[in-house]
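Keep the sequence and the 3D view open as you read.

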Amino acid sequence: MDMTSFTRRHLILAGTAASLSAPLPALAAGSAPKAYGATPSPRQYRWHNRTAYAFVHFTINTFTDREWGYGDESVNLFNPTDFSADQIVEAAKAGGLTGLILTAKHHDGFCLWPSAYTEHSVKNSPYKNGRGDIVREMSEACGRHGLAFGVYLSPWDRNHSEYGHPAYVEYYHNQLRELTTQYGKLFEVWFDGANGGDGYYGGARETRRIHAPTYYGWDTVRAIVRKNQPDAVMFADADMDVRWVGNEEGHAGDPCWPTVDTTPYTQEKGNKGVRGGPIWNPAETNVSIRPGWFWHADEKPRTPANLTKIYFESIGRGTTLLLNLAPDRRGRVPDADVMSLKAWKAIIDKTFSRNLAAGGTVTASTAFGSGYAATNILKPGKFWAAKDSDRAGAWTEITLPSVRTFDVIRFAEDIRLGVRVDDYAVDVFDAKGWREVARHTSIGHERLIRLPAPVTASRVRLRILTAAASPVIGNFGLFLMPPVLEEPIVRRDSKGMVTLTATAAGQSLFYTADGSEPTASSTAYSAPFALTRGGVVKAMARDDRTGVASAVTTVEFDVSPANWTVVKSNIDTPDALLRGETFTGPDGQPIEAIIDLGETLDVKGFVLAPPVQNISLGIDRVNRMGPPAGYEVWVSADGAQWGDMSAEGEFSNIAANRTGQRISFATPKSGRYVRIRLPRAVQDKPVIAVGKIGIITR
Ligand code: FUL
């Protein structure tokens, strides 16, 4: 997690909502254990069971190669050549996703539906000669394919002239009324908290500051959604039905509690939740199948193995997974992404196709009563509950029908009765006796434990170590995954030395540096190698035991900073810039730095990564730091004459997405010196912090 974890923009929304939606499924007949602490509302409970669903980021940005539009884009740009709502929904379905949330309006303000309240919409675009309605097409396609539908309506609107004034809030509420009344049933409404301040704003081109907790009229927003869509959950960073998991990388905390307290949201808290917090506000893990949220020609989708890792680190930690798909300029999900989704689903389906605990004999320390017998733990939708007095020390044991080999362990709490268990361990029994194979904290809606290697056992035991209330546990399963190997990690240090790292033990790594595809006969990796001038490294892993090969990691390196010097700067540690480590500027001032590249190069652009959180600096200092909101860059032959600026602009979404920003110059410039000016940090933080800077020459 980066240092913005303590500072992310957030929406503080007052009040809680009365539950108007349909009631929960009934608990077991007869008496049930008393609920502990906060519990989900019926709509939250149903949403938990949706498990994994798609995000779709598609708008003007798809056609301008941007992540955040400025709001001044011509409506003529929106012109998908072969749009197919069915193809997009089928792609989501091919990945096993159960719903879809569409960016009806992103920060640039362009509306994918013909809103009656603005001209900045699909109705004035060339798409279907202005008679198209992407929101309707997507909603209907979801209906045809059995997926639930939801909408993203960005509160920040860089197009609207009244943004920042009361008239915009009325406009926003009107748009929400349109979306919640004209497009059928919605399962989720998504409110993003991002706001970079500046925008087109009807031609004003200025920075407008708003007070997010009060400006948008959240009580009205909530009332509109509850009235028109009583079963829909609302997502916001905090204080709605569903919270942000605190990163855009696809991992929930371990533990990740579905409860929070009333203190202000932080990314850290979003990631882990608060044990015993009085509010049920579960996390949703949102991540894109590609580095960006929108389609960019030069980006590639995640591999099936990587998506599988995300599955375990989101759904397997009790959150839902919101996986973004990025339709291209045709208006379709690219083939490579569809292939990844299909292969990912095949892995998940195969993994969970056979519960190896089925048919086992179950015993437990105690049982609450007939509706909560120990044997229920293997029956879908039923739960074992221990007696009220049986908390720490409670256990359940399954004698398997025969000796079984597995590497995934699954179980769940009946969250209708709250989160009850804190710490627990799982033991397996074989010829050598009992041994512990896993120990974790928090269960919640679902806990998946992926063991580092398969184990073979005749008995399995779950031991509760600490609990706030007697355990109520079900959906127990043991599974054996098909062989899935994650591709290796390829990194280069500031001296130009490349390191390959396997994601698990027991693998051999192979690579090429000439652009060819690596195989098990390519160079075997044994030690870091030099690539100072840049080049393409392609690497794969092979499992020593099974011989299974991973997908290929491809990383293109540019010239390394090995020969650079910082000739002038106001940053605290110029050496850190050269080492590729986090550096900061002076309090309240822009960062200025002149770098000598050591030789004359054809500079085509630069890359900048936001900082990695360094908590050793102290929480107060970290809280005052933020990544740069924008940049100004010059290139010079002699470090004295600078001429025209080579590029200037914003780093869209840098506070939330850490994948790094790649800025290409409109015109490459030959030179030996690069001057970078970073005017301000995001969210008005006084200190600008940068993770890494590189240049593009290739
Ligand atoms: C972010 C937005 O700023 C991104 O553009 C994207 O929509 C993501 C899901 O949320 O905060």
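Contact here means heavy atoms within 4.5 Å. Helices (H or I, at least four residues) and strands (E, at least two) are DSSP runs, numbered from the N terminus. This is a predicted model, in which local features need pLDDT of at least 70 and side-chain atom pairs count only at pLDDT 80 or more, while totals for chains, interfaces and linings use all residues. Residues are numbered from 1 along each chain as its sequence is written, and side-chain values use heavy atoms, with hydrogens and water left out.

Start with helix 4 (residues 134-145). Its buried residues pack against helix 3 (85-94), strand 2 (99-105), strand 3 (148-153) and helix 5 (166-182). Buried means under 20% relative accessible area, exposed means over 50%, and partly exposed is in between (1.4 Å probe, protein chains only). By that rule, the buried residues of helix 4 are Ile134, Val135, Glu137, Met138, Ser139, Ala141, Cys142 and His145. An α-helix has 3.6 residues a turn, so residues three or four places apart point the same way.

Now check the length of helix 4. The expected span of a helix is 1.5 Å times one less than its number of residues. For the twelve residues of helix 4 that gives 16 Å, and the end C-alpha atoms are 16 Å apart, which agrees. Look at the two ends as well. Just after helix 4, glycine 146 takes a positive phi of about 75°.

Helix 5 turns up again around helix 7 (residues 218-228). The buried residues of helix 7 pack against helix 5, along with helix 1 (42-48), strand 4 (186-190), helix 6 (212-215) and strand 7 (233-235). Those buried residues are Trp218, Val221, Arg222, Ile224, Val225 and Arg226.

Next, find proline 258, which sits in the loop between strand 8 (243-244) and strand 9 (259-260). Is proline 258 buried or exposed? At 9% relative accessibility, proline 258 counts as buried. Leaving aside neighbours within four places in sequence, proline 258 is in contact with Arg243, Ile279, Trp280, Asn281, Pro282 and Val419. Arginine 177 is 81 residues from proline 258 along the chain, and their C-alpha atoms are separated by 29 Å.

Helix 9 (304-314) has ten of its eleven residues buried, so it is largely enclosed by the rest of the structure. Among the buried ones are Leu307, Ile310, Tyr311 and Phe312. What covers them includes strand 11 (283-288), strand 12 (320-325), helix 10 (335-351), strand 15 (395-413) and strand 18.

On a 1 Å grid over the protein atoms alone, a cavity is a set of points where a 1.4 Å probe fits but cannot get out, and a pocket is an open set with protein on both sides within 12 Å along at least five of seven lines; lining residues have an atom within 4 Å of a point. Grid points are joined across faces, edges and corners, and a volume is the space filled by probe spheres set on the points. The second largest pocket has a volume of about 910 Å³. Helix 9 and strand 18 are the elements that give two or more residues to its lining, and strand 18 gives the most, with eight residues. The lining has 32 residues, of which Arg450, Leu451, Pro452, Val484 and Ala504 lie nearest the centre.

As for cavities, the count comes to three of 30 Å³ or more. The largest cavity has a volume of about 110 Å³. Among its 16 lining residues, His57, Tyr152, Asp192, Trp293 and Asn653 lie nearest the centre.

Finally, look at a sheet. Two strands pair if DSSP finds at least two bridges between them. Three strands form an open sheet in the order 20-21-24, with antiparallel pairing; strand 20 (489-492) and strand 24 (529-530) are the edge strands, each pairing on one side only. Strand 20 and strand 21 (residues 497-501) pair over four bridges, with valine 490 partnering leucine 500 and arginine 491 partnering threonine 499. Strand 20 has a covered face, Val490 and Arg492, and an uncovered one, Ile489 and Arg491. In the hairpin of strand 20 and strand 21, glycine 496 takes a positive phi near 90°.
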